[in-house]
Structures are given as C-alpha cells and as structure tokens.
Amino acid sequence: MQFMLLFSRQGKLRLQKWYVPLSDKEKKKITRELVQTVLARKPKMCSFLEWRDLKIVYKRYASLYFCCAIEDQDNELITLEIIHRYVELLDKYFGSVCELDIIFNFEKAYFILDEFLLGGEAQETSKKNVLKAIEQADLLQEVRPGPALAKQNVPLFVTV
Amino acid sequence: MPAVSKGDGMRGLAVFISDIRNCKSKEAEIKRINKELANIRSKFKGDKALDGYSKKKYVCKLLFIFLLGHDIDFGHMEAVNLLSSNKYTEKQIGYLFISVLVNSNSELIRLINNAIKNDLSSRNPTFMCLALHCIANVGSREMAEAFAGEIPRILVAGDTMDSVKQSAALCLLRLYKTSPDLVLMGEWTSRVVHLLNDQHMGVVTAAISLITCLSQKNPDEFKTCVSLAVSRLSRIVSSASTDLQDYTYYFVPAPWLSCKLLRLLQCYPPPEDGAVKGRLVECLETILNKAQEPPKSKKVQHSNAKNAILFEAISLIIHYDSEPNLLVRACNQLGQFLQHRETNLRYLALESMCTLASSEFSHEAVKTHIETVINALKTERDVSVRQRAADLLYAMCDRSNAKQIVAEMLSYLETADYSIREEMVLKVAILAEKYAVDYSWYVDTILNLIRIAGDYVSEEVWYRVIQIVINRDDVQGYAAKTVFEALQAPACHENMVKVGGYILGEFGNLIAGDPRSSPLVQFNLLHSKFHLCSVPTRALLLSAYIKFINLFPETKSTIQEVLRSDSQIRNSDVELQQRAVEYLKLSSIASTDVLATVLEEMPPFPERESSILAKLKKKKGPGAVSVNELEEGKREAGELNGGGERGGDSSAISTPSPSADLLGLRAGHPVTAAAPSAGSLLVDVFSETGFIHYGRLMLLIFLRTHERTITKPVPFLAVPACLSASHTLLSLALRFVCKNNGVLFENQLLQIGIKSEYRQNLGRIYLFYGNKTSVQFVTFTTTLNVQSKPVEPLIEGGAQVQQVINIECLTDFSDAPLLNIKFRYGGALQNLTLKLPVTINKFFQPTEMASHDFFQRWKQLSQPQQEAQKIFKASHAMDTEVLKAKLLGLGMALLENVDPNPENFVCAGVIQSKAQQVGSLLRLEPNAQAQMYRLTVRSSKDTVSKRLCELLAEQF
C-alpha cells in the first residue's frame with residue numbers, strides 16, 4: 001500500500017498515512033485530486049478505480065471515507081477488508097467509533113494504525129493482538145481513561 | 001463540545017480542537033491557529049523549562065495544525081526531547097511527530113537516531129516497537145545507514161518478542177525499498193525464510209511481506225521459501241474455520257496471510273518437486289471448490305475475504321499458465337462473477353478475465369462470455385466497470401469475433417465517457433487492422449471512427465489508414481469511393497478532410513470515371529472544406545491540389561486560379577503561402593514529364609511495428625499490452641505492409657525506424673541514398689504529410705532553386721525551403737565541430753563510426769564500417785575526393801572493417817571532403833555519399849594568453865573584413881559547463897578572467913595549415929534573459945572568421 005487517507009463527506013482530511021516518500025506539495029496535490037474523485041462517485045459504484053498507475057480502493061463508513069492506494073499487483077478485495085478491520089479496531093477501542101473520536105483523538109488513530117499496518121503491509125491482523133498492544137500502552141500512561149462522553153455523531157460502524 | 005473519551009486527556013488539546021471546529025469561517029480558523037502558534041512559540045522560547053506533559057501537549061497541537069494542512073517549521077527539537085522521556089506517552093507523541101513531520105536537518109537526524117538506538121537496545125519491547133515503527137514510517141537513507149545492520153539481528157534473535165519481530169520485519173522491508181544496497185541479508189537469509197514456519201501467525205504475516213520483496217530481487221537465494229509457503233498455505237486452506245482463532249476473519253481462515261502466500265508463490269515458476277506441486281495444485285483446487293460452497297455468513301466481509309483468496313489463487317494459476325484444467329475452472333468461476341450482484345466482483349472478474357484471455361488454454365473459454373461482456377459495456381452504470389468490459393472485449397478479440405466486437409465498440413463510442421474515448425478509438429483501430437480480412441471493412445471502420453469520434457482520432461490512427469491504403473492496391477479504389485462519399489456529409493470532421501485529401505490526391509483517378517465523382521467534382525468537394533480547416537490541413541489540401549493537376553490535367557486552370565488568389569499566394573501563414581507560390585510555379589513551368597515524376601504516387605511504406613499499438617502501450621503503461629500481443633501486432637502489421645504487390649525501389653536504402661510514426665514525418669520515411677538520416681527533416685520541408693517522395697523532392701528543390709535564379713524574388717516569402725534543405729545536409733557534419741568521435745552515419749544496414757585525431761596541420765581519421773546485417777557486403781569501395789587508402793572490399797555480416805584517412809591541411813577551406821561509399825548487399829547496389837566531418841577548427845592550436853595580450857591582439861585585428869559576427873537564438877539550454885565543454889572541443893584555448901564580464905567566454909587559437917598560420921580570437925556573449933548569443937570571431941584571414949562563425953552559430 002502506498003498511502004491511506006481518511007476524509008469526511010465535506011472533503012476534510014481526518015488522517016493521512018504515507019508509505020512512500022513524497023514532498024508535502026505532492027501529498028497535498030494527491031489528496032486534493034483523490035478526495036474530489038472519490039466524493040464525485042455515486043453510492044452504488046464499485047469500490048475500485050484506476051488512478052494514475054495505482055489502484056484506489058475506498059469505502060465509506062457513515063460520514064467518513066477510507067481510501068487506500070495500492071499497486072498494480074496488490075489485491076483489491078483484501079485491501080477492502082484491511083479498511084474494514086481498521087474500522088473494527090477503532091470501533092472496539094473507542095466503543096462505537098464516530099468521526100469525532102478520530103478528530104479529537106487523532107494520535108490514537110495513528111497508534112492503532114501503526115500496530116495494524118507498518119510500511120504499508122499488514123503487521124498484525126488479529127484484532128485481539130492489536131488491541132492488546134494498544135491497551136498495554138494505555139496502561140503505561142498511569143492516567144486511567146475517562147468515561148466515554150455522550151456521542152452526538154453517527155457511529156461509523158454498526159455492530160450487529 | 002469536548003469529546004475526549006480515552007487516552008490521558010490532554011485537556012488543552014481538546015479545547016483547542018473544539019475551538020477550531022467552532023470557527024465559522026476559514027479566516028477565523030487561521031486567526032485561531034496563528035494565535036495558538038504564537039502561544040506555543042513563546043512557550044518553547046520562554047525561560048521557564050517546560051515539563052514533559054506541556055511539551056507533549058504543545059507538540060500534539062502542532063501536529064494537529066499540520067494535519068489541518070498548515071506548514072509547521074518549528075517544534076522538532078521539542079519533539080526530539082520527548083523521545084528520551086521515560087514516560088511512554090511522551091515518547092510516543094515525540095515519535096509520532098517525527099514520523100509525520102520528517103525533517104532533513106542533519107543535526108536533528110543525529111539526535112533522533114541516537115534516541116532510536118537507545119530504545120532499540122532498551123530490551124523493553126514496547127519501546128523497541130515504537131523505535132521500529134518510527135524507522136518504518138520515516139524510512140530515510142540516514143536511518144538505513146544507521147540501522148540496516150542491526151535490525152536483521154533483532155528479527156532473527158531467539159529471545160526477541162513476537163511483536164518486536166513483526167515490527168522488525170516490516171521495518172526492514174521499508175528500508176530495503178528505500179536503500180536496497182544497505183540491507184544485506186547474506187547470513188540471515190535462511191533464518192528469515194524459516195520465519196514462514198513460525199508458530200505465531202502474526203510473525204508469519206509480517207515476515208512474508210519482507211520475504212516476497214526480497215524474493216523478487218533475489219529469487220535464487222530465497223527459493224527455499226516455495227516449499228515452506230506451499231505447506232503453510234496447505235495447512236491454512238485445509239483448516240476448519242475456527243482452528244486459527246483470532247486469525248480467522250468472518251469464518252475465513254487467515255485471509256491476509258493466504259493472499260500473501262499466494263502472492264509470494266507468484267515470484268516463482270511452478271515448483272519442480274512433484275510432491276510440492278501436487279500439494280499446491282490441491283490447495284488451488286480446494287480454493288476453487290470453496291467458491292462453490294454455500295457462504296458461511298451473509299456478511300460482505302466473509303465473501304470479500306474468501307474471494308480475495310480466490311482472485312489471488314487465480315492470479316497464480318494465470319501466472320503458471322500451465323494447468324489447462326485449473327485455467328478453465330478459473331475462467332468458469334469468473335464467468336459466474338460476471339453476473340454477480342456485487343459491482344466489485346463484476347469489476348474484478350472482468351479485470352482478471354483480461355489476463356486469462358491471453359492464455360492459449362483459456363482464450364476459447366473466455367470467448368464464450370462475449371455476450372455478457374457486451375451487455376456489461378452497454379448497461380453497467382459505473383464507468384470504471386465499463387472500462388474493464390471494453391478492455392476485456394479487446395483482449396478476447398480474434399479473427400472469429402472481430403467484426404462483432406468492433407461493431408459493439410463503435411456503437412459504444414457514440415455514448416462513451418469522454419475520459420475513455422481516445423483509448424477506445426485506439427483499440428478499435430488496432431483491432432480493425434489486426435483482424436482485417438477484407439480491407440474495405442477496415443477502411444469503413446476507420447472512417448466510422450473519424451465520423452463518430454473524430455476529435456479523439458489521433459494522428460497515428462489516420463496516418464495508419466493512409467499507410468495501409470497506399471500499401472494495398474486492392475483497396476485503393478474502394479477507399480477513394482468511400483472518402484468521397486464521407487466528405488459529402490455537410491459537417492465532417494477535419495480528420496476526415498485530411499484522409500480524404502490525401503486519398504483523393506493519390507487515388508482520385510480511380511473513381512474519376514463516374515461523372516458523379518469527376519475530377520472537378522472531387523476538387524470542388526475538397527475545396528468546399530478548405531476554409532473551415534486549420535493551417536496544417538490546408539497545407540495538406542494544397543499538396544492534394546498539385547497532385548490533382550498531375551492526375552487530371554483538365555483541372556489545372558481551375559486549381560491554378562485558386563492558387564493564384566490572394567488568399568493563397570499572399571496568405572499570412574508562411575507555409576501556406578510558400579506552398580501556393582511554389583505549386584503554382586511548378587505547375588506552370590514544369591513539363592508534364594517532370595510534373596509526373598515529382599508528383600508520382602507515393603511508394604509503399606516499409607514494414608514496421610504499428611505505431612498505434614505503441615501509442616496504446618504508452619498510454620496504458622508497460623504491462624497493459626502483453627509482449628505477445630505486440631509481437632503479433634508487428635507480425636500482422638508486417639503482412640499488411642508487405643502485402644502490397646509493388647516492390648520498393650531496390651536501390652533505395654529505406655530506414656524504417658521502430659518507433660517512427662506512420663508517414664515518416666519524424667523519421668525514417670523511405671529515403672534515397674543521399675542522406676538517409678537527414679530524410680526526416682527534409683520531408684519536414686513539406687511538413688505534415690510527407691506527401692511527396694523524397695527523391696522527387698530533391699528534384700523539386702532543384703527546380704525551386706533554379707526558378708529563383710530566373711524569376712524575381714517572391715514577396716513575403718520567408719525561409720526558402722531549399723535553404724533549409726541544404727542546411728540539413730550540412731548539419732550532419734556540424735555535429736562533429738566540437739567533438740572528434742562518434743557515429744557518423746547509421747541506417748538499417750550500415751553503421752559508420754568515426755575517430756579522429758589532429759596535430760598541427762595533420763589529421764588522421766579512422767572510419768569503422770560495421771555491417772549490421774547477417775549478409776556480407778561485397779565490392780565495398782569508398783572514394784574520397786581527396787586521397788585515401790583503399791578499404792577492404794568485403795565486409796562479413798556482423799563484422800566491422802576499418803579505414804584510415806590521413807589528412808593534411810594545406811590552406812584554409814570551407815567545404816568538407818565528400819566520401820562516397822558503394823557496395824552490394826544481397827545483389828542490390830547501395831550508394832551513399834557523406835560529408836566527412838573535417839572542419840577548419842580541427843587544425844587549431846590553443847593559445848593561452850593574458851587579458852592584456854588578448855585585448856591588444858583583438859584591437860590589432862580591427863579591419864572590418866577580419867571580423868565576423870552573428871547574433872542567434874540559443875537552440876540548447878544555456879548551461880555554462882556545457883558551453884565550456886563545447887568551446888574546449890572546438891580546439892581553441894578557453895581563457896579565464898579575460899573578459900570583464902564573467903558571463904562571457906573568450907578563446908584564442910592558431911589554425912595550422914601548410915601554407916600559413918591563421919591566428920583567431922573568439923568572443924561569445926550569452927544573454928540568458930533573451931536566450932540569445934552574440935558570437936564575434938576575429939582572424940588574420942577573413943575567410944577563416946567567416947567560416948568559424950558559420951560553424952559555431954549552429955552549435956549552441
């Protein structure tokens with residue numbers, strides 16, 4: 001995977017992770033172009049598209065778009081499930097995650113991502129193991145997590 | 001609206017984020033950010049030492065501001081300080097900042113690397129992971145230099161924790177991608193490969209990405225991974241859906257690992273060991289079988305994970321391309337997906353089938369789905385899916401279904417999305433050509449293309465149809481009739497006018513018998529489009545008109561009148577005006593015979609790869625068009641070109657160039673022996689079409705020159721074409737003014753290399769004649785209009801012979817010696833005349849002198865005829881180093897610190913000839929702003945100044 005972007009329906013970037021070295025200018029250009037392209041697509045369209053010499057895999061969860069750029073030989077469907085597993089991890093960690101959680105705790109979103117994907121490749125696909133690593137880190141903080149506040153945002157993910 | 005749910009509650013950060021979110025406008029947001037930045041700056045600069053928590057909070061705020069899209073140019077040092085904190089969260093934020101805002105400041109990098117080193121050796125797995133994550137996120141060369149040696153050790157050490165191993169594997173992968181030269185696996189190779197056997201699935205999942213990447217680069221060293229991967233895969237595939245506990249994803253056992261294993265196997269050919277291969281085939285069959293089983297869950301995640309493995313398995317089957325049974329099963333499976341309700345699956349099935357279509361085992365099976373694919377092209381609502389369908393139709397096309405597929409693609413073109421039209425046009429053009437059985441169908445198809453999507457028909461496409469019509473006389477009459485009809489449409493595309501003009505100009509006579517398309521009707525039809533066309537098309541039409549005068553003498557007076565009209569002969573466009581003037585004169589002074597020779601039908605084009613195929617390949621990027629396909633295209637294009645009955649002129653050396661465009665506009669049109677590689681430019685004299693054959697062009701140029709001496713100069717005529725033509729001949733030798741060695745000439749048969757050395761007034765030239773063919777050249781002779789030693793009369797195929805020419809400069813000169821080469825190749829006599837690149841400057845002796853001397857001598861050479869000056873536009877980039885190198889190559893001494901203006905160059909030298917020595921001084925003044933040069937040469941002999949100036953004006 002070359003990069004992953006999370007952005008809102010309004011086109012606001014919520015998280016960006018780059019696995020290839022690019023200049024800030026180039027990153028901004030890519031982001032602008034892709035956000036525009038993906039937002040212009042209709043709901044029932046397929047989740048894959050060709051873009052430059054890369055393949056874009058994206059999926060929308062409530063108000064957030066998760067968008068990955070993979071290379072030609074990479075597998076689209078498994079990338080779609082990478083996105084889903086990441087959403088599950090966020091959901092489990094924050095407890096019914098919504099966009100606000102990611103805005104206010106962006107650093108946590110990064111830490112979880114780093115446990116799951118490293119250098120653009122799946123590092124640990126077990127949900128339990130990833131969350132265990134994050135929770136251990138939380139224990140090291142000495143400060144106990146505060147109680148979850150009332151959410152006013154739509155959960156990204158509905159667990160049945 | 002504070003919403004901190006977890007974490008250590010950096011309250012200040014949450015408040016700040018809330019503030020930003022509450023901003024009503026962009027301006028308000030920027031104001032709030034600037035306020036915060038000022039606050040953070042003052043805190044960082046303040047006297048009071050900040051505690052870790054505050055530092056962490058401010059660094060985090062900076063990070064947030066950066067992620068909003070603002071530039072951050074401070075805070076790096078504070079982040080680096082956090083790295084050495086004992087508090088995990090502080091360290092963690094420090095690393096995050098470093099990873100997101102990578103900085104190239106070397107002092108910082110040293111500090112960061114130090115902190116990482118400490119954490120790596122801390123033996124605290126959490127800290128080690130943080131450090132490894134940071135290396136993997138930054139992945140810079142400096143980090144590779146510092147840690148590429150250490151990380152493999154961590155990866156394979158027996159006491160390393162699993163989580164650390166996982167991070168180490170992917171960290172190493174990232175470093176390998178940035179700096180492969182620094183990551184040396186060597187002794188670790190076998191232990192890394194054995195990570196595939198690790199008990200911990202997470203370790204295998206991480207390590208396999210590293211192994212795959214390394215295998216791609218060093219397949220031999222890692223080939224033991226194949227059998228390990230097969231047995232691992234086999235264990236996963238045969239496990240029950242609950243065996244792998246948390247590595248089972250929606251009832252699919254280890255989908256990520258399975259995909260990665262199948263991907264790794266695609267780096268290798270099928271296993272040679274029968275047992276391993278059998279086990280693998282079994283796995284692949286199981287995967288195909290599972291696709292037919294009822295789903296264990298209705299969730300899309302279940303089917304996605306399952307199908308991800310299936311598609312990866314199909315990729316492997318296609319990669320092996322050796323198991324007909326599996327290939328056909330794969331194809332049937334994909335066929336089912338073509339009608340699946342999930343758009344994603346339809347998309348992937350179309351994509352995957354495209355590669356199956358190129359396998360001989362499954363090509364026929366793919367073809368059975370033609371109706372479904374055509375239907376997809378018509379009904380899919382998503383353009384990216386339609387694109388895949390078009391790609392697949394293209395891939396499954398062969399002689400049996402070409403007509404149907406081309407017809408469907410043409411009708412789709414009428415409504416196709418603009419974004420894919422050009423590619424569709426190219427594909428239709430290629431298929432029509434490749435599978436044409438009768439060429440009237442081909443001509444119809446291309447004309448339809450122009451009619452439906454004229455704007456998207458590139459030059460290559462319409463050049464190609466002309467090339468094919470010219471090479472096949474059985475289709476010429478039909479083509480003339482069809483373009484004539486097409487041109488009658490009230491609104492027809494300019495590309496149609498181009499093709500029509502060209503074809504009627506060449507073959508209009510074939511339909512002139514019918515009174516409905518009599519010569520005058522044809523001409524009037526073409527001319528009715530003239531005013532709506534752009535300059536290049538008009539230029540082409542003018543060439544068509546002069547061809548008409550030759551084909552149909554009865555149109556002469558009408559056409560002459562058109563050419564004579566002010567709108568032509570005084571046209572503000574130089575090219576049009578020139579053509580009008582010259583064609584008018586040609587038609588009035590040349591005899592019918594001369595006219596017939598000059599304007600004869602174009603000879604067939606040489607065989608070469610279809611340039612449209614090359615264009616499609618370029619457009620789609622390498623890999624989009626398989627090699628097979630290209631070669632096939634080439635072969636078939638060859639048939640097409642060679643198919644014409646008329647043979648080429650046997651004494652002509654044609655110079656087909658593989659990348660050339662169709663009509664040889666940019667290279668390699670059939671060109672007679674005089675100066676083959678100059679041919680392209682010469683044809684450019686007539687630009688755009690290459691409508692008039694080069695050999696005859698020379699005749700025309702002769703006529704033009706001749707004409708100019710007997711008639712008054714024509715008003716407004718800018719650059720006489722004859723001048724630009726001879727200039728081209730000259731420029732061949734001009735390439736060697738500033739250098740002594742290189743390739744003097746090259747065509748399909750022969751390459752002539754040159755090496756030369758000069759001392760005083762003597763020179764020695766070594767010519768190397770290389771036979772590029774496999775057939776010998778016999779009776780090889782060269783004659784020079786000065787004396788030379790005879791050359792070996794026979795050159796074996798693939799061999800090279802050498803000829804030495806000794807040169808003495810008797811006096812100054814301006815004409816280079818001519819070298820005439822004759823030989824027989826396969827019975828045909830080849831004849832070639834070249835200018836030897838011997839120019840006066842080769843006999844320069846450099847003279848060093850001080851500033852004072854230089855200017856004194858400069859003043860001494862002050863008679864007007866001793867000086868030659870030229871002001872000219874730069875034709876290359878004005879790079880000082882390149883200029884210096886060129887001036888040194890000229891043979892004079894380049895004098896430093898002489899000219900008061902450091903931008904200028906001055907040189908001094910003496911030309912040594914037997915008769916006399918000619919001292920010369922040179923000054924070159926570049927004007928970078930205007931991209932111009934002023935060149936001044938002063939010599940004791942006026943002809944030398946003039947000649948040097950001429951030679952040099954072409955060099956910069």
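On one side of helix H40(B), Glu881(B) and Leu888(B) are exposed (over 50% relative accessible area, 1.4 Å probe, protein chains only; buried is under 20%). The model is predicted, and local features need pLDDT of at least 70, side-chain atom pairs pLDDT 80 or more, while totals for chains, interfaces and linings use all residues. Residues are numbered from 1 along each chain as its sequence is written, chains are lettered from A in the order in which they are written, and side-chain values use heavy atoms, without hydrogens and water.

Helix H40(B)
- The helix, a DSSP run (H or I, at least four residues) numbered from the N terminus, covers residues 880-890, and its buried residues are Leu883(B), Lys886(B), Leu887(B) and Leu890(B).
- Seen down the helix axis, these buried residues fall within an arc of 95°, so they line one face of H40(B); the arc is taken from the directions from the axis to the C-beta atoms.
- At the start of H40(B), a side-chain oxygen of Asp879(B) comes to within 2.8 Å of the backbone nitrogen of Glu881(B).
- Gly891(B), with a positive phi near 110°, follows H40(B).

Interface of chains A and B
- In contact (heavy atoms within 4.5 Å) are 68 residues of chain A and 74 residues of chain B.
- Four salt bridges are counted between chain A and chain B, each a side-chain nitrogen of Lys or Arg within 4 Å of a carboxyl oxygen of Asp or Glu.
- Glu50(A) and Arg388(B) form a salt bridge through their side chains, at 3.1 Å from N to O.
- Helix H2 of chain A (residues 76-94) gives the largest share of the side of chain A that touches chain B, 11 residues.

Key: Helix = DSSP H or I, 4+ residues; strand = E, 2+ residues; numbered from the N terminus. Polar contact = N/O pair within 3.5 Å; in protein donor to acceptor, adjacent residues only side chain to side chain.
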